[in-house]
Amino acid sequence: MRHIVITGTSSGIGFATVKYLIDRGFFVFGCVRTEKDANELRNAYPEQFSPLVFDLVEEEGIRNSVKEVEKHLDGQPLFGLVNNAAAVVSGPIAHMSKEDMFYQFEVNTFGPLNLCQAYFSLLRGKEGQQPGRIVNVTSLSGEIAMPFLGPYSASKRALMSMNHTLRREFYPYGIDVIEVVPGRVKTGIIEKLSDAGSKYDGTDFEEPMRKRMESAMEMREFGLEPEVISGAIHTALTSRKPKYRYVKPDLYFKGYRLPTMLPARMIDRVLGKQMRLLPSFLRSK
Amino acid sequence: MKHILITGVSSGIGYTSAKYFIEKGFHVFGSVRKEADAQRVKSELGDSITPLLFDVVDEAAIAKAVEMAKAKLGPDENLAGLIANAGIHIPGPILHLSRDDMRNQFEVNVFGALSVIQAFVPLMRKTESQKPGRVIHVSSTSAAIPLPYSSLYAATKSAMHSLCDTLRRELMLYEIDVIDIYVGPVKNDMVSKVSIYAERYKDTDYYHSITARLENALKNTIPKGLTEREVAKVLHDTLEKAKPKHRFAVNKDWFNTWFLPNILPIRLLDKILAKKLQLRPEDFAANKAK
């Protein structure tokens, strides 16, 4: 049986991917932060599933999870590690605290790197075994930085960079590292955004920030089904000759080709107008 | 009088740029971490530099420096530019780097750079007679082409790439422009600093490969690099230009270190790099057998 470790399985892409992989005959270790989430998943998937409870900001929890998986594998190699879990820190970058920046990167960048290190031996396997693969789920925000998603976009862009160096440094061990880049996904990060709204009242960014939240809530029903990303993750894990990255935009032309093709200064103006970030908005206050 | 702030002026690009801007008639606020460096820089560069004593990771010290700079600026004067130059490079194979290495690398190059920008933005707003200031981030070509053993450094520069985009878009409100410059290899003493680190990985599989990478840098990359003065000129021209590009690369060996790696299919580039840096499975096996 092929075994996969995947992080962030309590909701969204992670939750969908657990089912997707179980349906295709995998045994899945799903990482969650609370016992409650673990129990819910246990009840939903009585077979081919085992939860791992730890927080990505704690190294000890990560190390303990490796021991648990190793015991379960009992000499079999680990087929894949999927770094999917992410947090979203949102707000105007001019007022972002260092604490918030740290938290964003601890979860989205340092955590996944730490997992790559911790699961390295299990992925490498023993002499004669086929080494496993790593799949890092990043985001199109890493390519197209939207206002008020500064910390999130930067943490994902950093992970994109690490994806290259990981792939190059793990190459001699036969461990391939593949990136999956989702665009907007239904029931995705929007659910995690809601609490950031009023924190920046009283700053010059109060109105643009509120506008941003409103449009995010309006857009919550739009986007890809999480299963589309699960499919890309499955391909990355199983394809005989995988690409180095799979980009899955929600709208191929409008959401990906156009913004990465147009001059950046032009996009600045479009976004500035949309999000009330042009200097004239400040003057008119 | 035009004022700018340059972080990390004790040596390297920061020092040379401070000197260059002074020659062009600027008054420079230059950040240094040590009192001794503050005095040295002052005695070498004269009255046109005001050393600011702060480490980019120390928010309280940055706040004090802002007050100092504010007192020095005349009424109706602002900061014409902020050059976010200070940075560190923690090299090594990812497998053997610690979470604290990650934290340190990002705290200086990303969170620290952001703290400085946040703190000095109020001084860059336009005044009655002066245009709004510009932020220039000194990045690296490794943001586009991340090389083995520079993973954390490259990742911080990529994170800053994204943050520069966000800053540029959000600071439009204040008409403060943000420019991200990918600087290629520079002829300086960085390599002698990093060569010591190879010994730390003597007992790992990566040792021979790290040595190969360093030798390649010493023999090929560094001698063909830019001079610090050339970089300083680019920074100055970018600040003075009416319509600067939001992002660009400055590079000497443009074809080999920029064009080629950016145009080759990634999987092919991986193979070329692996061969050059002895990072193939057969290299590791051969080294083990030795």
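A nonpolar core is a set of buried Ala, Val, Leu, Ile, Met, Phe, Trp, Tyr and Cys residues joined through C-beta atoms within 7 Å. A residue counts as buried if 20 or more other C-beta atoms lie within 10 Å of its own, as exposed if 12 or fewer do, and as partly exposed in between, with C-beta atoms placed from the backbone. The structure is a predicted model, in which local features need pLDDT of at least 70 and side-chain atom pairs count only at pLDDT 80 or more, while totals for chains, interfaces and linings use all residues. Residues are numbered from 1 along each chain as its sequence is written, and chains are lettered from A and ligands numbered from 1 in the order in which they are written.

**Core**

The largest nonpolar core has 155 residues, of which A:Ile4 and B:Ile117 touch the most other members. H4(B) gives the most to this core, with 12 residues. Two residues are in contact if their C-beta atoms, placed from the backbone, lie within 7 Å. Not counting residues up to four places away in sequence, A:Ile4 touches A:Leu21, A:Phe26, A:Val28, A:Phe29, A:Phe79, A:Gly80, A:Val82 and A:Leu237.

**The two chains**

Helices (H or I, at least four residues) and strands (E, at least two) are DSSP runs, numbered from the N terminus.

The C-alpha trace of chain A spans about 70 × 40 × 30 Å along its principal axes.

Taken along the principal axes, the C-alpha atoms of chain B fill a box of roughly 70 × 40 × 30 Å.

**Interface**

In chain A, 46 residues are in contact with 43 residues of chain B. Four helices of chain A each supply at least two residues of the side that touches chain B: H4 (98-118), H6 (150-170), H11 (264-274) and H12 (279-283). H6(A) gives the most to this side, with 15 residues. By class, the side of chain A that touches chain B has 26 nonpolar, 11 polar and 9 charged residues. Here Ala, Val, Leu, Ile, Met, Phe, Trp, Tyr, Cys and Pro count as nonpolar, Asp, Glu, Lys and Arg as charged, and the others, Gly among them, as polar.

**Helix H4 of chain B**

Helix H4 of chain B covers residues 99-124, and its 26 residues should span 38 Å at 1.5 Å a residue; the end C-alpha atoms are 35 Å apart, which agrees. The expected span is 1.5 Å times one less than the number of residues. H4(B) has a kink of about 45° centred on B:Glu107, where the bend is the angle between axes fitted to the seven residues ending at a residue and the seven starting there.

B:Leu114 lies in helix H4 of chain B. B:Leu114 is buried, because 24 other C-beta atoms lie within 10 Å. Leaving aside neighbours within four places in sequence, B:Leu114 is in contact with A:Met101 and B:Leu163.

**Loop residues**

B:Leu147 is in the loop between strand S5 (134-140) and helix H5 (151-170) of chain B. With 20 other C-beta atoms within 10 Å, B:Leu147 is buried. Apart from neighbours within four places in sequence, B:Leu147 is in contact with B:Ser142 and B:Ala154. B:Leu147 and B:Leu273 are 126 residues apart along the chain, and their C-alpha atoms are separated by 8.5 Å.

Most residues other than glycine have a negative phi. A:Gln48, a residue other than glycine, has a positive phi near 55°. A:Gln48 is in the loop between helix H2 (35-44) and strand S3 (49-53) of chain A and counts as partly exposed, with 15 C-beta neighbours inside 10 Å. B:Asp76 is not a glycine either, and has a positive phi of about 75°. B:Asp76 is in the loop between helix H3 (59-72) and strand S4 (79-84) of chain B and is exposed, with 9 other C-beta atoms within 10 Å.
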